Amino acid sequence: MRGILASSIGVTCAAALALPLAPPATAAATGPAPTAEAATRAAVTAPPDVPGSTQSLPLRPLTRDRATGATVLGLAPRAVRNFSLLGVVWDDPAAELHGRVQVRTRPAGGGDWTGWQDVETHYTDHGADPGSAEGASEGVRGATAPLWVGGSDGVEVRVLPLSDESGAGAGESGAGGAEAEEPGADDSGAGASAVLPSGLRLELIDPEGDPVDQARTGVMSAEATAASAANSALAPLGAAEIPALDGERTRQELLSLRGAEMTEGQRAKPYIGPRPAIVTRRGWGADESLREKQFVYTGKVRAAFVHHTASGNNYKCSQAPSLVRGFYRYHVRSLGWRDVGYNFLVDKCGRIYEGRAGGVAKAVKGAHTLGFNSNSTGIAVIGTYGSKKPSSSAVKAVARLTAWKLGLYGMNPRGKTYLTSGGGNLYRKGKKVRLNVISGHRDGFNTSCPGGKLYKKLGTARSTAARYQGR
């Protein structure tokens, strides 16, 4: 796990529109965060809400760790505009954050501050392939995974550098609401590095502030029209959902979409699972003005990589569209990607969401599995699944989605395939790698993703998907 204590995907800078409401926190602080009443007495009110904006707050030195002498960076408790998703970003996407990132927040409208929560620091394994146009973009930054905290208007954060020998960090079980140990006692080690990436900032995102692309008015922008038109063979323009089809209608659709590329035998007996219902970008409220306008495609889809978002499990399924909007804004505005990285997302109730724009039936090139974004599709289950089992509904949704999506390209969910590595920490660039057609993120990169508990369910997903295909 120490080899993956890195993160990469970064941030932009908006004005720091918040004021400290208490003395700087120390790494060993154990007292409660200031109450809402104390905050009100201490200073000015938080700035007015600005819909759709991302707050970007530079992290400052707070204190030094008693055991190692390393500088602890962060923010003292402060009032901020409403937000529900957060992450830490830095300037250099190639830099690694060898440290522990912890936050606590205050619910919007008053209430007690939460306990300290770990933020998953390894995120460098998500993203565009090395040397690709998207990966080499000037605006790309390094970052932690995003953490969903729900509606909040107060925040405190600290980042403690760790030695390579300590082995400490958020790991798989850190994100998602578990109270963390205080750094300073057990996170020490001789020779601990005091070097953290430059330009560390806390990104606070309010997905509810984003315009829902005029979905309620019926007016569609040119970008929204293009994103919807990419699915025109499957649903009417402006549809909020691509409906499910039964097996026979799905086979007829396959022949109309890809029949010219299929052999006579494949046309006679196509193996494909019934198309599941998919919430479109318009359905989850994508602000299409955020992303780059053009769509990017790869040759075909030979494999599906399964991920978890490492954003915690404390969300209601009714909030899932808001989380998707948050991931989208974080990936584009904070990390500098062209669009949300995943091709699809699945919530814990089993609903499937269209991710990167370009058409759910097409071979859209994502930014999900560094080194293996070509000829693959990326599916992220929303949540953190290192120590928590994914729901049976989510696993079934992964099986249904892969049975259909892989079936469009003649792939057997229980089979093997070869992909050429674009570079990474497991396989050098140009190496042909034999992988499961349904693989976990960790199969292509040394990472904990998609979490041990979800990874153990991939065998079930493969066999179920194959059965849906009629194999």
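**Reading cavities, cores and loops**

Student: Among the residues lining the largest cavity, how many are nonpolar, how many polar and how many charged?

Tutor: The lining of the largest cavity holds seven nonpolar residues, three polar ones and five charged ones. Here Ala, Val, Leu, Ile, Met, Phe, Trp, Tyr, Cys and Pro count as nonpolar, Asp, Glu, Lys and Arg as charged, and the others, Gly among them, as polar. The model is predicted, so to speak of a local feature requires pLDDT of at least 70 and to count a side-chain atom pair requires pLDDT 80 or more, while totals for chains, interfaces and linings use all residues. Residues are numbered from 1 along each chain as its sequence is written, and side-chain values use heavy atoms, with hydrogens and water left out.

Student: How many cavities of 30 Å³ or more are there, and which residues are closest to the centre of the largest cavity?

Tutor: Rolling a probe the size of a water molecule over the atoms shows where empty space is left. A cavity is a set of points, on a 1 Å grid over the protein atoms alone, where a 1.4 Å probe fits but cannot get out, and lining residues have an atom within 4 Å of a point. Points are joined across faces, edges and corners, and a volume is the space filled by probe spheres set on them. This structure holds four cavities of 30 Å³ or more, and the largest cavity contains about 100 Å³ of space. Its lining has 15 residues, of which Ala 227, Ser 228, Ala 239, Thr 280 and Arg 282 are the closest to the centre. Helix 2 (222–229) and helix 5 (281–284) each supply at least two lining residues, and helix 2 gives the largest share, three residues. Helices (H or I, at least four residues) and strands (E, at least two) are DSSP runs, numbered from the N terminus.

Student: Which residues touch the most other members of the largest nonpolar core?

Tutor: In soluble globular proteins, nonpolar side chains tend to be buried together. A nonpolar core is a set of buried Ala, Val, Leu, Ile, Met, Phe, Trp, Tyr and Cys residues joined through side-chain atoms within 4.5 Å, where buried means under 20% relative accessible area, exposed over 50%, and partly exposed in between (1.4 Å probe, protein chains only). The largest core here has 69 residues, and Tyr 330, Leu 345, Ile 382 and Trp 404 touch the most other members. Helix 7 (residues 392–407) contributes the largest share of this core, nine residues. Apart from it lies another core of 23 residues, including Val 103 and Leu 147. Over the chain of 471 residues, 59% count as buried.

Student: Where does Thr 369 lie, and which residues is Thr 369 in contact with, leaving aside its neighbours within four places in sequence?

Tutor: Thr 369 lies in the loop between strand 14 (352–354) and strand 15 (376–381), and Thr 369 is buried, at a relative accessible area of 0%. With neighbours within four places in sequence left aside, Thr 369 is in contact (heavy atoms within 4.5 Å) with Asp 125, Gly 127, Asp 129, Phe 305, His 307 and His 441.

Methods. On a 1 Å grid over the protein atoms alone, a cavity is a set of points where a 1.4 Å probe fits but cannot get out, and a pocket is an open set with protein on both sides within 12 Å along at least five of seven lines; lining residues have an atom within 4 Å of a point.
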